[in-house]
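The following exercises ask the reader to work from the coordinates to a description of the fold and its contacts. Each task is followed by a solution in steps.

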Amino acid sequence: MESDTHFFITAIVSFCGLLAIFAVTKHYSKRSLIPSDTWILIVGLLYGISLKKLELGGLPTFALHPQIIILLFLPLLIFASGRLINPNGLKSEAVPISFFATAGVVITAFLIGFPLAWILDIPLLHGLLIGAAAGATDPAAVASIFQSFRIPVRLSLLVEGESLFNDGT
């Protein structure tokens, strides 16, 4: 019982520390030419590399179960992206958005998956799965990039709508 409590407290403190590191990274990267999300990714990569290569025993490892991502993080990402989108504009651009969110992802999966399977000599199914994962557009990343630049309204609606709906396909 005591070891469970120690593990739970360690997990909470580690998670809060990681959030603090990400918050500091986001704050100090505002004046950088590189977006803050990229800096957070770099910090996460450095953390992962330091766990693997340096074998630092004091750093906690984080492993997320796939169900947590599907049931908790994915709905939050979709909600965060969907709350700012114009429903009337989404309705008027439903056909191209639907095409990009379904057929576009399938086409991208094949365009990436076939060459990848052939070059790396892996099963075709594995190449197609990597292609499908690479073909999906992240709604949070799209929103972050589009806030930084002047993008035509229709293009913004098409890309944000596609990224929003391809998370559901």
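**Exercise 1.** Determine which residues threonine 25 touches, not counting residues up to four places away in sequence.

*Solution.* Step 1: Apply the contact criterion, heavy atoms within 4.5 Å. Threonine 25 then touches Trp39, Ile40 and Val43.
Step 1: Locate the residue. Threonine 25 belongs to helix 1, residues 2–28, where helices (H or I, at least four residues) and strands (E, at least two) are DSSP runs numbered from the N terminus.
Step 2: Classify its exposure. The classes are buried, under 20% relative accessible area, exposed, over 50%, and partly exposed in between, with a 1.4 Å probe and protein chains only. Threonine 25 has 13% relative accessibility and therefore counts as buried.
Step 3: Examine the side chain, which reaches the backbone oxygen of isoleucine 21 at 2.8 Å.

The model is predicted: local features need pLDDT of at least 70 and side-chain atom pairs count only at pLDDT 80 or more, whereas totals for chains, interfaces and linings use all residues. Residues are numbered from 1 along each chain as its sequence is written, and side-chain values use heavy atoms, with hydrogens and water left out.

**Exercise 2.** Describe the overall composition of the chain in terms of its elements, burial and surface.

*Solution.* Step 1: Count the elements. The chain has eight helices and zero strands, and from the N terminus on its elements run α-α-α-α-α-α-α-α.
Step 1: Of the 169 residues, 21% count as buried.
Step 2: Consider sequence range. Among contacts with a separation of 6 or more, 50% come from residues 24 or more positions apart.

**Exercise 3.** Identify the salt bridge of the structure and the parts that it ties together.

*Solution.* Step 1: Search for a side-chain nitrogen of Lys or Arg within 4 Å of a carboxyl oxygen of Asp or Glu.
Step 1: Name the partners. Arginine 154 pairs with glutamate 93, with the closest N and O atoms 3.0 Å apart.
Step 2: Arginine 154 lies in helix 8 and glutamate 93 in the loop between helix 4 (87–92) and helix 5 (94–120), so the pair ties together parts 61 residues apart in sequence.
Step 3: Glutamate 93 counts as buried because its relative accessibility is 13%.

**Exercise 4.** Which residues make up the largest nonpolar core?

*Solution.* Step 1: Take buried Ala, Val, Leu, Ile, Met, Phe, Trp, Tyr and Cys residues joined through side-chain atoms within 4.5 Å. The largest such core has six residues: Ile85, Leu90, Ile97, Leu157, Leu158 and Leu164.
Step 1: Assign the core to elements. Its largest share, three residues, comes from helix 8 (residues 153–166).
Step 2: Leaving aside neighbours within four places in sequence, leucine 158 is in contact with Glu93, Pro96 and Ile97.
Step 3: Turn to another residue of helix 8, serine 156. At 16% relative accessibility, serine 156 counts as buried; with neighbours within four places again left aside, serine 156 is in contact with Phe146 and Ile151.

Technical notes:
Polar contact = N/O pair within 3.5 Å; in protein donor to acceptor, adjacent residues only side chain to side chain.
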